[in-house]
Amino acid sequence: IRSKVIEENGSGGFKDIKWFDIENTKGEKFIVRGTWELKFAEWLNNHKIHWIRKVYLKYNKDGVNKTYCPDFYLPSGNMYIEVKGYYSELDKRKIELVEEQNSIKINLIFGKVIKKLTEIKNIDELITHT
């Protein structure tokens, strides 16, 4: 529930992180968290790649049902993307559980890739940098 509230309201849970309003290629409005997510959303838009947020994936951790919301979902490629700066052991375990329990792959994009986005020409090249 907390993940959904944060995503819907665009605030909470992250100190010193700015939230930005941005539209995708179809004019749908979303809120992104931090400048790296903003830069990535702009890169997707510039490359005419349709993306959305507010995709909620269920998973169970230690008998507790939870919800995970990836940073970006690309419907045309059925691709989930998470933009990460810090990647803790807890984050790794959560991603593993979500992938395993939903039979999906979550592509992680780290800051070093975000800093080089101007050099990356397409989504396939982006994924090979991760």
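Phe30 and Trp51 are both buried in this predicted model. Their rings also form a pair. The ring centres lie 5.3 Å apart and the planes meet at 45 degrees, so the pair is tilted. A tilted pair falls between the two cut-offs: planes under 30 degrees apart would count as stacked, and planes over 60 as edge-to-face.

Where do Phe30 and Trp51 sit in the chain? Phe30 belongs to strand β2, residues 29–33. Trp51 lies in the loop between α2 (34–46) and β3. The two are 21 residues apart, and their pair links distant parts of the chain.

Now turn to Phe40 and Phe72. Phe40 is buried, and Phe72 is buried too. Their rings form an edge-to-face pair, with 5.0 Å from centre to centre and 75 degrees between the planes. This pair also links distant parts of the chain. Phe40 sits in helix α2, Phe72 in strand β5, and 32 residues separate them.

The structure holds six aromatic pairs. Ring pairs join Phe30, Phe40, Trp43, Trp51 and Phe72 into a cluster. Phe72 has a charged neighbour as well: Arg53 lies over the face of its ring, 5.7 Å from the ring centre.

Phe72 leads on to the strands. Strands of a sheet pair through backbone hydrogen bonds, either parallel or antiparallel. In β6, Ile81 is the bridge partner of Phe72. Strand β5 pairs with β6 (residues 79–84) in the antiparallel sense, over three bridges.

Which strands make up the sheet, and in what order? It is an open sheet of three strands, ordered β5-β6-β7, and its pairing is mixed. β5 (72–74) and β7 (106–110) stand at the edges. Each has a single partner strand, so one side of each is left without a neighbour in the sheet. Neighbouring strands of this sheet are turned by 30 degrees against each other on average, direction ignored.

Another strand pairing involves β3 and β4. Strand β3 covers residues 57–61 and strand β4 covers residues 64–68. They run antiparallel and are joined by five bridges. Asn60 has Asn65 in β4 as its bridge partner. What do β3 and β4 form together? They make a hairpin, with two residues between the strands. Asp62 is in the turn, and its phi is positive, at about 55 degrees.

Definitions and conventions: Residues numbered from 1 in each chain as written. Predicted model: local features only at pLDDT ≥ 70, side-chain atom pairs only at ≥ 80, totals over all residues. Heavy atoms only, no water. Pairing = 2+ DSSP bridges. Helix = DSSP H or I, 4+ residues; strand = E, 2+ residues; numbered from the N terminus. Axes fitted to C-alpha atoms, helices over the stretch in contact; angles between N-to-C directions. Phe/Tyr/Trp six-rings, centres within 6.5 Å; stacked < 30°, edge-to-face > 60°. Buried < 20%, exposed > 50% of the residue type's maximum accessible area, 1.4 Å probe, protein only. Lys NZ or Arg CZ within 6 Å of the ring centre and 35° of its normal.
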